[in-house]
Amino acid sequence: MNTRPGVCARKRRFSSEAEAIAVALKAEITLRPYRCQLCRDYHLTSRTKGMKSLPR
Ligand SMILES: [Zn+2]
């Protein structure tokens, strides 16, 4: 997953994967947590293209 600095600054940041998952589950759309290479925290992305995702 390529992460650009601008994206990192704009996105919500989670200090733990569990926290990111909890928020993702409550969202209306499919969100996936991923580890950011820049801030070492977790972000959520709605882009599932090219990522392994289970069909709902
Ligand atoms: Zn980040």
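Residues are numbered from 1 along each chain as its sequence is written, and side-chain values use heavy atoms, with hydrogens and water left out. In this predicted model, local features need pLDDT of at least 70 and side-chain atom pairs count only at pLDDT 80 or more, whereas totals for chains, interfaces and linings use all residues.

The zinc ion has as its protein donors C8 (SG), C36 (SG), C39 (SG) and H43 (NE2), at 2.1 to 2.4 Å; donors are N, O and S atoms within 2.8 Å of the metal (3.2 Å for Na, K and Ca), and water is not among the atoms, so sites may look incomplete. The spacing of these donor residues in sequence is C-x27-C-x2-C-x3-H. C8, in helix α1 (residues 5-10), and C36, in the loop between β1 (32-35) and β2, link distant parts of the chain, being 28 residues apart. The arrangement is tetrahedral because the four donor atoms subtend angles of 106 to 115°, the criterion for four donors being that all angles lie between 85 and 135 degrees. Ideal angles for four tetrahedral donors are 109.5 degrees.

H43 is located in strand β2 (residues 42-45); strands (E, at least two residues) and helices (H or I, at least four) are DSSP runs, numbered from the N terminus. H43 is buried, at 0% relative accessibility, where buried means under 20% relative accessible area (1.4 Å probe, protein chains only). A polar atom of the H43 side chain lies 2.7 Å from the backbone oxygen of R12.

Note on methods: Buried means under 20% relative accessible area, exposed over 50%, partly exposed in between (1.4 Å probe, protein chains only). A polar contact is a pair of N or O atoms within 3.5 Å; within protein, one must be able to donate a hydrogen and the other to accept it, and residues adjacent in sequence count only if both atoms are side-chain atoms. Four donors count as tetrahedral if all angles lie between 85 and 135 degrees; four count as square planar and six as octahedral if opposite donors are over 155 degrees apart and all others between 65 and 115; anything else is irregular.
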